[in-house]
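Me: I have a structure open and want to learn how to read its features. Can we take them one at a time?

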Amino acid sequence: MNSKQRIRAAVDHQQPDRLPMDFGSSFITGIHCSVVEALRKHYQLEPRPVKICEPYQMLGEVEPDLQAAMGLDVQPIFPQRTIFGFPNQNWRPWTTPWGQNVLVSEHFQTDVSNKGDIYIYPQGDRSAPHSGHMPKSGYFFDTIERIDPDFDEDNLKVEDNLEEFAPMSEAEASYWEQQAQTYRDSDKAISVHLNGTCLGDIALVPAPFLKNPKGVRGVADWYMTVAESPDFVMELFDRQSAIAVENMQRLNAIAGDVIDIVVVCGTDFGTQTSRFCSVETMREIWLPYYRRINDWIHQNTQWRTFKHSCGAVEPMIESFVDSGFDILNPVQCSATGMDPKLLKEKHGERITFWGGGINTQETLPFGTPEQVRKEVLERCEIFAPGGGFVFNAIHNVQALSPIENVVAMIEAVHDFNGSQ
């Protein structure tokens, strides 16, 4: 099998020739730029600055030579614009607070405070308020909540939270045409983030990509709105998903034959020990609009749909399946109720687990290489039989993860494949 066939087989619950692996195909399966640099050194690849493909989390681009060295199976086509609303183009050097020389977009515009904190501008526009903040000792940006001074929680307007959702522009269509031409003959599975399908993703609610966002833009405000004004949220999702379907129609016409995996939504429903809302609330407010998006995809394309949700979401997996999702990520096995054997036995025939391979909160950053290897092999033994598993860590590989542990993780997957 080539990588495209291998991913297709795994996601369709067929046994592939070997366990497929992904790192870097999305903004939730990526690698921090500092670790990308360390991996390039480990594999003795050409030394060059890492490109920051997503500045919000400071994720580094996993270029083709590193993909080959690691044995990866998925190639991303990233959105035209980053989470801060600017395109990655005309790369220029930049030095991070931890001293790494990287490449950033010319639109990556920042200020440094007297304390050494870094503040970034939305769309690279220095006339707008900052929308992101990286502490001097930090390794990624936090969103700055910007509340419209005219915001009235008693008179919510759906249009205010729809301002970032619009029909695909000609510039974006041209971008997708160029990307489709580049990757049409690739033997890797192609993964993309869909535009506008993230219903209530709390990372996007504050809109760090907008210069002066209106509407409900505070994290706490959003959760209270879900609880107190569900009709408002459902109207928002109804109109947003209608726009999303129109954009998917155009994307399919341009690049439908190129794409294999679509990241539909990154909305987190889980905490470490519980959930942000009940299963009943999820089914009432989210499921109908997820279903609209996923049904259109399955009726009109060969794409497979990818749902991200951190946390203790085992009670919601059946609802994710009913929503039409093919894939669940990041499979946070360390959360309450997320035992790997339970997940595989109860849900493994109906949804693919893309992640769950290693605990990125404890084992990968703080364990020994031997502990990493043991955990990886255990997860592979549980999740891999019968397909329905793509190896990835539990969310992005974070800064300060020891390179010897990251390499031990990768080598354990290869050893598992060699033993099958």
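Reply: Start with one side chain and its neighbours. Leaving out residues up to four places away in sequence, Trp-176 touches Ile-77, Met-168, Val-192, Leu-251 and Ile-254. Keep in mind that this is a predicted model.

Me: Where does Trp-176 lie? Is Trp-176 buried or exposed?

Reply: Trp-176 lies in helix H4. Its relative accessibility is 3%. Buried means under 20%, so Trp-176 counts as buried.

Me: How far apart are the C-alpha atoms of Trp-176 and Thr-96?

Reply: They are separated by 31 Å. Along the chain, the two residues are 80 residues apart.

Me: Two of the contacts of Trp-176 are Ile-77 and Val-192. What is the bridge partner of Ile-77 in S10?

Reply: First the general idea. Strands of a sheet pair through backbone hydrogen bonds, either parallel or antiparallel. Now the case here. Strand S10 covers residues 189-193, and four bridges join S3 to S10. The two strands run parallel. The bridge partner of Ile-77 is Val-192. Trp-176 touches both Ile-77 and Val-192.

Me: Which way do the residues of S3 point?

Reply: In a regular strand the side chains alternate between the two faces of the sheet. Strand S3 spans residues 74-77. Val-74 and Pro-76 point one way. Gln-75 and Ile-77 point the other way. All four of these residues are buried.

Me: Next, pockets. What is the volume of the second largest pocket?

Reply: Rolling a probe the size of a water molecule over the atoms shows where empty space is left. In this model, the second largest pocket has a volume of about 470 Å³. Its lining has 23 residues. The closest to the centre are Glu-61, Phe-78, Asn-88, Tyr-175 and Gln-179.

Me: Which element gives the most to the lining of that pocket?

Reply: Helix H4 does, with four residues. H4 spans 170-183. Helix H3 (64-70), S3 and H4 each supply at least two lining residues.

Me: What is the lining of the second largest pocket by class?

Reply: It has 12 nonpolar, eight polar and three charged residues.

Me: Now the sheets. What is the order of the open sheet with mixed pairing?

Reply: The order is S2-S1-S5-S4, four strands in total. Look at the edges next. Strand S2 (59-60) and strand S4 (92-95) each have a single partner strand, so one side of each is left without a neighbour in the sheet.

Me: How many bridges pair S1 and S5?

Reply: Two bridges, in the parallel sense. S1 covers residues 50-54 and S5 covers residues 101-104. Lys-51 stands opposite Leu-103 in S5.

Me: Which helix lies across S1, S2 and S5?

Reply: Helix H2, residues 33-42. H2 runs at about 145 degrees to S1.

Me: What is the order of the open sheet with antiparallel pairing?

Reply: The order is S6-S7-S8-S9. The edge strands are S6 (110-112) and S9 (142-143), and each pairs on one side only. Strands S7 (residues 118-120) and S8 (residues 132-134) pair over three bridges. In S8, the bridge partner of Ile-118 is Met-134.

Me: What about backbone angles? What is phi of Gln-123?

Reply: Phi of Gln-123 is near 60 degrees. That is a positive value in a residue other than glycine. Gln-123 lies in the loop between S7 and S8. The residue is partly exposed, with a relative accessible area of 33%.

Me: Where is Val-331, and is Val-331 buried or exposed?

Reply: Val-331 is in the loop between S13 and H10. It has a positive phi of about 60 degrees, although it is not a glycine. With a relative accessible area of 1%, Val-331 is buried.

Me: What kind of peptide bond joins Asn-329 and Pro-330?

Reply: A cis peptide bond, with omega about 5 degrees. Pro-330 lies in the loop between strand S13 (327-329) and helix H10 (340-347).

Me: One last residue. Which residues does Asn-417 touch, not counting those up to four places away in sequence?

Reply: Asn-417 touches Arg-18 and Leu-19. Its place is in helix H13, residues 403-419. At 14% relative accessibility, Asn-417 counts as buried.

How values were computed
Residues numbered from 1 in each chain as written. Predicted model: local features only at pLDDT ≥ 70, side-chain atom pairs only at ≥ 80, totals over all residues. Heavy atoms only, no water. Buried < 20%, exposed > 50% of the residue type's maximum accessible area, 1.4 Å probe, protein only. Pairing = 2+ DSSP bridges. 1 Å grid on protein atoms, 1.4 Å probe; cavity = no way out; pocket = protein on both sides within 12 Å on 5 of 7 lines; lining within 4 Å. Points joined across faces, edges and corners; volume = space filled by probe spheres on them. Nonpolar A, V, L, I, M, F, W, Y, C, P; charged D, E, K, R; others polar. Contact = heavy atoms within 4.5 Å. Axes fitted to C-alpha atoms, helices over the stretch in contact; angles between N-to-C directions.
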